[in-house]
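Hi,

Here's the structure I said I'd pass along.

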Amino acid sequence: GTGGLGVEWAKRLAAAGGNAATLVLASRRAPSPELAAKLAKLASDTGATVVVEQADVSLASGAEALLARGAALKPTPATKLRVWHLAGVVDDGAAPALTWDRFADVLKPKVDGSLHLHAASLKTPVDTFVLFSSIYGLLGSRELTHYGAANAFQDGLAAARARAGLPALAVSWGTWADAGMAHRFGSGFEAHVKSTGMRFVPLDGGFRALGALARAAD
């Protein structure tokens with residue numbers, strides 16, 4: 001929740017909810033002074049309550065503690081508890097060059113993280129459960145076999161939750177513009193993405209689509 005894309009989504013949630021919004025952003029590390037100042041300004045500008053909770057959702061205990069914290073911060077019992085999972089790691093490498101440790105590092109935030117949040121939501125029910133998946137889970141990639149597998153798992157988890165009558169939405173995003181993990185890779189990566197025929201997802205357009213999808217899934 002404290003990465004570039006997470007903060008951008010938090011801005012939009014806070015603006016939409018205003019004084020009624022309570023945002024709990026999960027991070028394995030304490031926020032840097034720069035991020036803390038940015039989040040304080042976000043709270044001041046919108047009136048939202050913004051809390052950074054140190055929690056590693058790739059651990060069952062971290063996921064359970066995070067949802068319990070969110071439930072405790074609900075201003076009223078009727079307030080909806082919504083989960084948005086944006087965590088992920090990219091580690092480029094063709095399959096022959098991958099070690100299991102490299103593979104596991106990429107699976108951990110998406111596979112373990114989303115699975116533990118799912119299990120925690122059976123104890124602390126949620127009204128929305130959204131996974132930021134990737135188009136690579138559908139298309140695959142020679143350099144991102146492990147990342148594709150992690151996202152395919154998230155798609156399958158969302159389908160299984162939906163079949164069980166639980167809130168579930170997995171969105172297979174392309175590469176985001178101006179935020180997200182790929183943003184730090186520079187112009188060479190941008191040229192590579194465009195050479196495949198894909199274009200970057202604009203923040204405003206992508207988040208408008210996400211809002212529409214989330215409302216339809218409610």
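β4 is mostly covered, with 7 of its 7 residues buried (buried means under 20% relative accessible area with a 1.4 Å probe, protein chains only). Both of its faces are covered: Thr128, Val130, Phe132 and Ser134 are buried on one side, and Phe129, Leu131 and Ser133 on the other. Strands here are DSSP E runs of at least two residues and helices are H or I runs of at least four, numbered from the N terminus.

Bear in mind that this is a predicted model: local features need pLDDT of at least 70 and side-chain atom pairs count only at pLDDT 80 or more, while totals for chains, interfaces and linings use all residues. Residues are numbered from 1 along each chain as its sequence is written, and side-chain values use heavy atoms, with hydrogens and water left out.

On the pairing side (at least two DSSP bridges between two strands), β4 runs parallel to β3 (residues 82-85) over 4 bridges, with Val83 opposite Phe129. β4 also pairs with β5 in the parallel sense, over 5 bridges; there Val130 has Leu169 as its bridge partner.

Then the largest nonpolar core, which has 15 residues (buried Ala, Val, Leu, Ile, Met, Phe, Trp, Tyr and Cys joined through side-chain atoms within 4.5 Å). α1 (4-17), β4 (128-134), β5 (169-173) and α8 (203-217) each give it two or more residues, and α8 has the largest share, at 4. Apart from it lies another core of 13 residues, including Val57, Leu67, Ala120 and Leu131.

Cheers

Methods. Buried < 20%, exposed > 50% of the residue type's maximum accessible area, 1.4 Å probe, protein only.
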